[in-house]
Amino acid sequence: MSIDSALWEQYRVVLDRKRNPGGEKSYTSYLYSQGLNKILKKCGEETFEAVIAAKGSDQDELMGELGDMLYHVTVLLCALDISFEDVIARLNRRCGTENQPVDALLDAVAARKNLPVLEGAGEGSSYTAYLFQQGTDKILKKLGESCTLLLLAAKDEDREEAAEQCAGLLYHMLVLLASEQISAQALGETLEKRNGTTGNLKTFHRTDVNT
């Protein structure tokens, strides 16, 4: 399964869980019941775990943690009534494209690895090339910064800014995937497995109650 298909399916089911709570065994319903602060906390925690996994050079662990990050960000989007379509449109603009699925955007980002870095240039091919040039630590720093900006906007319930910062988070995730040479198919399969084996995206775990 493609990343794009897996993300859209995840959004669909998470949104359904908001509209039709799944009871005490649905982790998604549990998150909604705990409120925005709990969801924000989990988004931050999972992004941090993804950063640690990337530093550990374990691609399987990294893909798993990115899956957790994406799941909790999806819950956040649904909690704020932000459409995934809006976020993907904003992500396309960041990548200088239009109406492209996430898998194609990963290819577009990866193709910019060897482009020249233009001093003083902003978002676009030169910025992407700059991130590749700076290496993993820089990319991870930007991933963390994007998450922080998303959480701040979400805390203020600024839907417009939250959608923009979510696109920024996804963009820097794509740069990380390309830097680590993780294919769209590999992450898509990880997301599909996660979506299909955890009972409506994530089964309620007792450990989550204490975090």
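## Helix 5 against helix 9

Helix 5 packs on helix 9 at an angle of about 55°, and their axes are 8 Å apart. Axes here are lines fitted to C-alpha atoms, for helices over the stretch in contact, and angles run from 0 to 180 degrees between N-to-C directions. Helix 5 is therefore oblique to helix 9; angles under 35 degrees count as roughly parallel, over 145 as roughly antiparallel, 65 to 115 as roughly perpendicular and the rest as oblique. On the side of helix 5, the contact (heavy atoms within 4.5 Å) is made by Asp 86, Val 87, Arg 90, Leu 91 and Arg 94. Helix 9 contributes Glu 160, Ala 163, Glu 164, Cys 166, Ala 167, Gly 168, Leu 170, Tyr 171 and Leu 174.

By class, this contact of helix 5 with helix 9 holds eight nonpolar, one polar and five charged residues. In this classification Ala, Val, Leu, Ile, Met, Phe, Trp, Tyr, Cys and Pro are nonpolar, Asp, Glu, Lys and Arg are charged, and the others, Gly among them, are polar. The crossing of helix 5 and helix 9 is right-handed, a crossing being left-handed if the near helix is turned anticlockwise from the far one by less than a right angle, and right-handed if clockwise.

## Model and overall fold

This is a predicted model, in which local features need pLDDT of at least 70 and side-chain atom pairs count only at pLDDT 80 or more, while totals for chains, interfaces and linings use all residues. Residues are numbered from 1 along each chain as its sequence is written, and side-chain values use heavy atoms, with hydrogens and water left out.

The protein has eleven helices and zero strands. Helices (H or I, at least four residues) and strands (E, at least two) are DSSP runs, numbered from the N terminus. Of its 211 residues, 51% are buried, where buried means under 20% relative accessible area, exposed over 50%, and partly exposed in between (1.4 Å probe, protein chains only). Among contacts with a separation of 6 or more, 72% join residues 24 or more positions apart.

## Helix 6 against helix 9

Helix 6 (residues 102–110) and helix 9 (residues 159–179) have axes that come within 9 Å and cross at roughly 60°. The two helices are therefore oblique to each other, and their crossing is right-handed. Val 102, Leu 105, Leu 106, Val 109 and Ala 110 of helix 6 meet Tyr 171, Leu 174, Val 175, Leu 177 and Ala 178 of helix 9. This contact comprises ten nonpolar, no polar and no charged residues.

A nonpolar core is a set of buried Ala, Val, Leu, Ile, Met, Phe, Trp, Tyr and Cys residues joined through side-chain atoms within 4.5 Å. The largest such core has 67 residues, of which Ile 3, Leu 91, Met 173, Leu 174 and Leu 177 touch the most other members. Helix 9 gives the most to this core, with 13 residues. Not counting residues up to four places away in sequence, Leu 177 touches Ile 3, Leu 66, Leu 106, Ile 182 and Leu 187.

Gln 165 also lies in helix 9 and, at 10% relative accessibility, counts as buried. Leaving aside neighbours within four places in sequence, Gln 165 is in contact with Ser 146, Leu 149 and Leu 150. Its C-alpha atom is separated by 7.9 Å from that of Ala 153, twelve residues apart along the chain.

The buried residues are Tyr 27, Thr 28, Ser 29, Tyr 30, Leu 31 and Tyr 32. Gly 35, with a positive phi near 95°, follows helix 2.

Helix 2 and helix 4 pack at an angle of about 50°, their axes being 11 Å apart. That arrangement makes helix 2 oblique to helix 4, and the crossing is right-handed. Tyr 27, Thr 28, Leu 31 and Tyr 32 of helix 2 meet Tyr 71, His 72, Val 75, Cys 78 and Ala 79 of helix 4. These residues divide into seven nonpolar, two polar and no charged.

## Positive phi in two loops

Asp 81 lies in the loop between helix 4 (59–79) and helix 5 (84–94). Its phi is positive, about 60°, although Asp 81 is not a glycine. At 55% relative accessibility, Asp 81 counts as exposed.

Asn 99 is found in the loop between helix 5 and helix 6. Its phi is near 55°, a positive value in a residue other than glycine. Asn 99 counts as exposed, at 69% relative accessibility.
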